[in-house]
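Me: Please look at this model with me, and let us take its helix packing and a few local features in turn.

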Amino acid sequence: MNGNDTGEHPDESDLLRAKMDSGIAMAKAGRARLRFALPRHRDLVVSNHSLAFRSLCIAYEVAALTVEDLRKEIPRREELLAEYEKLCRDIQADAVAMLEGETSNRWR
């Protein structure tokens, strides 16, 4: 079952779908989060408007919101939380690489 009405946690796809359907300006919110997470690159985060970076901002926002939700769960799903925290760190690393002019097969 999905949802908390029976005391069960929503499954991962439900969490992600809820974030994507929330109506939040995901790219803008993700860009703001990255500005705070990457203070040395703050100006570059604001000035990069490429489609690849915009997509990265959206992915970061979804992952960060999911981390926030997972941290509120009782009992916590520690393994899933750790996975999403790592995903956030990986996206931050990709953002730094992208902002510094590196290339990757994961984003073009």
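**Local features and helix packing**

Reply: R35 lies over the face of F36, at 5.9 Å from the ring centre, where a charge sits over a ring if NZ of Lys or CZ of Arg is within 6 Å of the ring centre and within 35 degrees of the ring normal. This is a predicted model, in which local features need pLDDT of at least 70 and side-chain atom pairs count only at pLDDT 80 or more, while totals for chains, interfaces and linings use all residues. Residues are numbered from 1 along each chain as its sequence is written, and side-chain values use heavy atoms, with hydrogens and water left out.

Me: How are helix 4 and helix 5 oriented to each other?

Reply: The axes of helix 4 (residues 51-72) and helix 5 (residues 78-99), which are lines fitted to C-alpha atoms over the stretch in contact, come within 9 Å and cross at roughly 155°. Angles run from 0 to 180 degrees between N-to-C directions, and those over 145 count as roughly antiparallel. Helix 4 and helix 5 are therefore roughly antiparallel.

Me: Is helix 2 roughly parallel or roughly perpendicular to helix 4?

Reply: Helix 2 (residues 26-37) packs against helix 4 at an angle of about 80°, with the axes 7 Å apart. Angles of 65 to 115 degrees count as roughly perpendicular, so helix 2 and helix 4 are roughly perpendicular.

Note on methods:
Helix = DSSP H or I, 4+ residues; strand = E, 2+ residues; numbered from the N terminus. Parallel < 35°, antiparallel > 145°, perpendicular 65-115°, else oblique.
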